[in-house]
Amino acid sequence: MEQSPWFWLTEPLAMDFANTIRRRGMVDHDYLRTGADLASWSAVEAPQVPRVSARAAQARIGEIRTFRDDVRAILQATVDGVALPARATARVNARARGLPVVGQLGRRAGEHRSVAATRASAVDELLARVCAATIELVGAGGPDAVRFCDAPSCGDFFAPDRSNQVWCDESCGTRARVARHAAHARRP
């Protein structure tokens with residue numbers, strides 16, 4: 001069975017969007033280089049976001065990547081326990097005001113879904129949904145809702161399962177411990 005090109009994406013939407021930058025070794029690599037990359041990502045993240053065509057995404061790839069960098073900066077500031085970056089926060093807030101995502105009731109109690117408040121392109125709705133997810137995660141979840149896995153070949157944001165969780169999963173913890181041991185063994 002072929003592995004998904006986005007196999008590592010298992011976190012809340014805002015984190016999965018930020019995690020389109022991923023480490024190999026200790027070097028960050030951008031996996032959101034083309035419109036086709038965003039189209040593939042949106043397919044994996046459906047139904048949380050609308051599916052976006054490669055053509056529509058390519059026409060706005062610079063804007064999309066800049067927005068992703070704003071989300072990453074906000075998540076990193078949350079992890080670091082520092083003030084959120086003013087420019088990135090202002091841009092995310094402005095985008096959220098420009099196309100709000102609102103809750104709608106279903107036919108039965110307990111059923112609901114989120115929709116864009118006005119008709120929008122798939123790219124605009126995707127970005128609006130990521131905005132709403134970022135605001136909810138950082139605003140309501142606070143500093144304990146976001147962590148950063150600093151293990152070699154990871155560098156992902158993740159939602160911790162427990163208060164003392166340092167790595168996103170056991171394999172990252174093992175890689176980090178092995179790297180730390182190897183670095184210690186190389187010291188004279």
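**Exercise 1: The strand pair**

Strand 1 (residues 21-24) and strand 2 (residues 27-30) pair in the antiparallel sense over four bridges. The model is predicted: local features need pLDDT of at least 70 and side-chain atom pairs count only at pLDDT 80 or more, while totals for chains, interfaces and linings use all residues. Residues are numbered from 1 along each chain as its sequence is written, and side-chain values use heavy atoms, with hydrogens and water left out.

**Exercise 2: Helix 4 and helix 6**

Task: Determine how helix 4 (residues 61-80) and helix 6 are oriented to each other.

Solution. Step 1: The two helices pack at about 5 degrees, with axes 11 Å apart; axes are lines fitted to C-alpha atoms, for helices over the stretch in contact, and angles run from 0 to 180 degrees between N-to-C directions. Step 2: Helix 4 and helix 6 are therefore roughly parallel (angles under 35 degrees count as roughly parallel, over 145 as roughly antiparallel, 65 to 115 as roughly perpendicular and the rest as oblique). Step 3: Among the residues in this contact are Phe-67 of helix 4 and Leu-127 of helix 6, where contact means heavy atoms within 4.5 Å.

**Exercise 3: Helix 5 and helix 6**

Task: Describe the crossing of helix 5 (residues 86-98) and helix 6 (residues 122-141).

Solution. Step 1: Their axes come within 9 Å and cross at roughly 120 degrees. Step 2: Helix 5 and helix 6 are therefore oblique to each other. Step 3: Val-92, Asn-93, Arg-95 and Ala-96 in helix 5 meet Asp-124, Leu-127, Cys-131 and Ile-135 in helix 6.

**Exercise 4: Arg-95**

Task: Is Arg-95 buried or exposed, or partly exposed?

Solution. Step 1: Arg-95 belongs to helix 5. Step 2: Its relative accessible area is 23%, so Arg-95 is partly exposed (buried means under 20%, exposed over 50%, partly exposed in between, with a 1.4 Å probe and protein chains only). Step 3: Not counting residues up to four places away in sequence, Arg-95 touches Arg-60, Glu-63, Phe-67, Asp-124, Leu-127 and Cys-131.

Conventions: Pairing = 2+ DSSP bridges.
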